[in-house]
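Q: I would like to learn how to read some features of a protein model. Please take them one at a time.

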Amino acid sequence: MNERAADATPFPIYLISAGVSGEVEIRMKLLIVDDEIQIREGMKDGIDWGKLGIRKVDDADGYSAWNLFQKEKHEIVLVDIRMPGMDGIELSKRIMDLQPETRIMILSGYSDFKYAQSAIKIGVVNYELKPVNADKVIHFVRQSVQILEQSNIRNQQHLQYQKLSKNNLLKSLLSGNAIPDAAIKFEEYFGFSLSDPVQCILAVSNRNIPDTPQNRWDTIAASVFEECKCAIYQGTVHDTLVIYRVDLTPKGLREYTSIWKKRLAATVNDDLLITVSHAGCAKKLPELYHQCRQLQSCRLYDTTLSILYCDDME
């Protein structure tokens with residue numbers, strides 16, 4: 001039979017007296033789950049979560065916590081173990097299945113070791129018996145923020161390295177000086193082969209392409225062509241190339257290109273020209289890229305042009 005931990009003083013008493021110092025960047029979201037609203041509110045109000053790196057604190061009971069987590073994807077969760085609706089073990093299991101990197105602390109009023117064993121099995125990183133000193137919660141949250149930030153930095157570095165590797169591969173293919181194993185790497189990176197039919201879509205502006213994440217042309221291209229198989233090459237600060245795998249897609253190439261043009265035009269006050277090559281084998285990328293470059297010279301004679309297709313020039 002489970003024994004309730006001795007002297008289970010309500011959790012808020014420990015939180016209200018806790019002091020936290022040191023500013024950190026606020027970015028994480030925290031979820032507090034308990035069936036007693038007084039405990040949830042005490043935890044929310046008793047600690048300056050912002051100084052620990054938390055930008056948003058939500059709370060819920062065992063009935064609503066899972067739906068709230070699915071919506072918000074909190075990085076850190078503090079959860080009671082015994083609740084009506086859904087207990088802390090089941091909730092933690094669902095959270096870890098959906099988002100394995102989540103940092104979870106279970107706060108239990110039960111000393112039976114089987115609860116701790118169950119928590120460890122599903123990946124819960126901290127299990128504390130009530131009453132819990134606020135300093136332990138503060139330490140856990142601060143440590144969790146640091147671990148998650150370090151993980152985010154590593155992930156960003158990996159993505160940047162991968163993006164640079166992709167760009168260098170495309171640069172070598174477009175120049176006709178393919179690197180060793182280019183065909184294998186190309187298919188691994190982009191999901192189609194150099195034997196597949198493609199068209200090149202080149203966007204060029206006399207203005208520098210904005211370097212903010214939401215305005216970068218390669219980022220916009222990735223959003224517009226998300227449903228397609230394509231490779232995106234960021235050339236100079238004035239141009240971006242989409243290598244579009246010719247295929248049956250929800251929209252045709254011309255519709256995608258038109259959408260991309262509208263999105264790009266807003267970033268450079270309509271100062272751009274998009275040119276589209278004939279279709280050809282991806283192994284002929286230098287030739288297709290050259291077709292786009294040649295069409296760009298038409299801008300010298302008509303500055304009102306916005307999209308030109310090689311197929312329309314014959």
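Q: Over which ring does the charged end of Arg-254 sit?

A: A charge sits over a ring if NZ of Lys or CZ of Arg is within 6 Å of the ring centre and within 35 degrees of the ring normal. Here the ring belongs to Tyr-309, and the charged end of Arg-254 is 3.8 Å from its centre. This is a predicted model, in which local features need pLDDT of at least 70, side-chain atom pairs count only at pLDDT 80 or more, and totals for chains, interfaces and linings use all residues. Residues are numbered from 1 along each chain as its sequence is written, and side-chain values use heavy atoms, with hydrogens and water left out.

Q: How many aromatic pairs does the structure hold?

A: Rings of Phe, Tyr and Trp (its six-membered ring) pair if their centres lie within 6.5 Å; planes under 30 degrees apart count as stacked, over 60 as edge-to-face and the rest as tilted. The structure holds eight such pairs. The ring centres of Tyr-244 and Tyr-256 are 6.4 Å apart and the planes meet at 50 degrees, so this pair is tilted. Tyr-244 is in strand β8 (residues 239-245) and Tyr-256 in helix α9 (residues 253-265), so the pair ties together parts twelve residues apart in sequence. Helices (H or I, at least four residues) and strands (E, at least two) are DSSP runs, numbered from the N terminus. Elsewhere, ring pairs join Phe-186, Tyr-189, Phe-190 and Phe-192 into a cluster.

Q: Are Tyr-244 and Tyr-256 buried or exposed?

A: Buried means under 20% relative accessible area, exposed over 50%, partly exposed in between (1.4 Å probe, protein chains only). Both Tyr-244 and Tyr-256 are buried. Glu-128, in strand β5 (residues 126-129), is also buried, because its relative accessible area is 17%. Ser-297, in the loop between α10 (285-296) and β11 (307-309), has 35% relative accessibility and therefore counts as partly exposed. Of the 314 residues of the protein, 46% count as buried.

Q: Which residues does Glu-128 touch, not counting residues up to four places away in sequence?

A: Contact means heavy atoms within 4.5 Å. By that rule, and with residues up to four places away in sequence not counted, Glu-128 touches Met-105, Ile-106, Leu-107, Ser-108 and Lys-136. For the protein, residues 24 or more positions apart account for 69% of the contacts with a separation of 6 or more.

Q: How many helices and strands does the protein have?

A: The count is ten helices and eleven strands.
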